[in-house]
Amino acid sequence: MNTDKKEYRVISGIKCEVENCKYNSDGCHCIAGSIEVGPSHAASSEETVCDTFIPR
């Protein structure tokens, strides 16, 4: 996955509060090219994670 922020735009409707994520721009805006949420066996929102997360 190409991680150059300049190539991405804000994903409308996606709020990210993780301040140290490489894809968090201007507060709570996600600028990843796409997002992946897992794991596939999650039974509740508490069991999910953003697999796109990359620390700054």
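**Figure 1. Glu 47 and its grip on the backbone of Ala 43.** In this predicted model, the side chain of Glu 47 comes to 2.7 Å from the backbone nitrogen of Ala 43. Glu 47 sits in the loop that joins S3 to strand S4, the latter covering residues 49-50. Setting aside residues up to four places away in sequence, the contacts of Glu 47 are Gly 38, Pro 39, His 41 and Ala 42.

**Figure 2. The cis peptide bond between Gly 38 and Pro 39.** Zoom in on the link from Gly 38 to Pro 39 and you'll find a cis peptide bond, with omega near 0°. For context, most peptide bonds are trans. Pro 39 belongs to the loop between S3 and S4, and Glu 47 is also placed in that loop.

**Figure 3. Thr 52 and its polar contact with Glu 36.** Thr 52 is found in the segment after S4. A polar atom of the Thr 52 side chain lies 2.7 Å from the backbone nitrogen of Glu 36. Thr 52 has a relative accessibility of 8%, so this residue counts as buried, the cut-off being under 20%. Leaving out residues up to four places away in sequence, Thr 52 touches Tyr 23, Ala 32, Ser 34, Ile 35 and Glu 36. As for Ile 35, its C-alpha is 5.5 Å from that of Thr 52, across 17 residues of sequence.

**Figure 4. Ser 34 and Gly 33, side by side in the S2-S3 loop.** Gly 33 lies between strand S2 (29-30) and strand S3 (37-38), and Ser 34 is in the loop between S2 and S3 too. Ser 34 is partly exposed at a relative accessible area of 41%, and Gly 33 is likewise partly exposed, with 49%. The C-alpha atoms of Ser 34 and Thr 52 are 8.0 Å apart, for a sequence separation of 18 residues. Gly 33 pairs up in space with Arg 9: 24 residues separate them along the chain, and 7.6 Å from C-alpha to C-alpha.

**Figure 5. Ala 32 and the largest nonpolar core.** Six residues make up this core, namely Tyr 8, Cys 21, Tyr 23, Cys 30, Ile 31 and Ala 32. As background, nonpolar side chains in soluble globular proteins tend to be buried together. Once neighbours within four places in sequence are left aside, Ala 32 is in contact with Tyr 8, Ile 11, Tyr 23 and Thr 52. Among these, Tyr 8 and Tyr 23 are core members. Tyr 23 is also touched by Thr 52.

Figure 6. Asn 24 is part of strand S1, residues 24-25. Its relative accessibility is 3%, so Asn 24 counts as buried. A polar atom of the Asn 24 side chain sits 3.1 Å from the backbone oxygen of Cys 16.

**Figure 7. The largest pocket and its lining.** This pocket holds about 190 Å³ of space. Its lining runs to 13 residues, with Ile 14, Lys 15, Cys 16, Val 18 and Cys 50 lying nearest the centre. Sorted by class, the lining residues are nine nonpolar, two polar and two charged. Cys 16 turns up here as well as in the polar contact with Asn 24, through its backbone oxygen.

**Figure 8. The whole chain, for orientation.** Among contacts with a separation of 6 or more, 30% involve residues 24 or more positions apart.

Methods
Residues numbered from 1 in each chain as written. Predicted model: local features only at pLDDT ≥ 70, side-chain atom pairs only at ≥ 80, totals over all residues. Heavy atoms only, no water. 1 Å grid on protein atoms, 1.4 Å probe; cavity = no way out; pocket = protein on both sides within 12 Å on 5 of 7 lines; lining within 4 Å. Points joined across faces, edges and corners; volume = space filled by probe spheres on them. Nonpolar A, V, L, I, M, F, W, Y, C, P; charged D, E, K, R; others polar. Helix = DSSP H or I, 4+ residues; strand = E, 2+ residues; numbered from the N terminus. Buried < 20%, exposed > 50% of the residue type's maximum accessible area, 1.4 Å probe, protein only. Polar contact = N/O pair within 3.5 Å; in protein donor to acceptor, adjacent residues only side chain to side chain. Core = buried A, V, L, I, M, F, W, Y, C linked by side-chain atoms within 4.5 Å. Contact = heavy atoms within 4.5 Å.
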